[in-house]
Amino acid sequence: MDFANIDDTARKAKDQDKRFMPLFGVDSFRSWILYFRPGEHTDMHYHMSPETFLVLEGKAEVKGIKGEQRIIGKNEIVFFGAKDYYQITNVGSEPLVLVGN
């Protein structure tokens, strides 16, 4: 059994200027924090496994490769299937903090 404090991990990401901060990981499961400063974004990309992202702080614009897009905020979650292309952008004036797995 493992435990993590999300606030401490998000603060560490900010202090160390790191976007990706792992929380847990094994062969079949992993969980992490993503930290975006205002205006920062990922490239359009995909993963071989499904992923979810839960917004803890801030506002994100989520775009798909077919032009679909939506703004999500605190306590909203998005699911991407395996090989779904997506891009995440911090569209707010505050940091965007996500939990991914």
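## Exposure of Asp17

A residue is called exposed when its relative accessible area is over 50%. In this predicted model, Asp17 has a relative accessible area of 54% and is therefore exposed.

The whole structure contains 6 salt bridges. In one of them, the side chain of Asp17 meets that of Arg37, with an N to O distance of 2.2 Å. This pair connects distant parts of the chain, 20 residues apart: Asp17 belongs to the loop between helix H1 (6-15) and strand E1 (20-26), and Arg37 to the loop between E2 and E3.

Arg37 also forms a salt bridge with Glu40, where the closest N and O atoms are 2.7 Å apart. Glu40 has a relative accessible area of 18% and is buried, whereas Arg37, at 39%, is partly exposed. Through shared partners, the salt bridges join Asp17, Arg37 and Glu40 into one network.

## A link between strands E2 and E3

A further salt bridge joins the side chains of Arg30 and Glu51 at 3.4 Å, N to O. Arg30 lies in strand E2 and Glu51 in strand E3, so that the pair links distant parts of the chain, 21 residues apart. The relative accessible area of Arg30 is 39%, which makes this residue partly exposed; Glu51, at 3% relative accessibility, is buried.

## The nonpolar surface patch

A nonpolar patch on the surface is formed by Met44, Tyr46, Met48, Ile65 and Tyr85, which together have about 490 Å² of accessible area. Met44 is located in the loop between strand E2 (29-36) and strand E3 (51-57). With a relative accessibility of 33%, Met44 counts as partly exposed.

Definitions and conventions: Residues numbered from 1 in each chain as written. Predicted model: local features only at pLDDT ≥ 70, side-chain atom pairs only at ≥ 80, totals over all residues. Heavy atoms only, no water. Patch = residues over 30% accessible without salt bridge, like charges linked within 9 Å, V, L, I, M, F, W, Y side chains within 5 Å. Areas by Shrake-Rupley, 256 points an atom, 1.4 Å probe, with all protein chains shown as cover. Salt bridge = Lys/Arg side-chain N within 4 Å of Asp/Glu carboxyl O. Helix = DSSP H or I, 4+ residues; strand = E, 2+ residues; numbered from the N terminus. Buried < 20%, exposed > 50% of the residue type's maximum accessible area, 1.4 Å probe, protein only.
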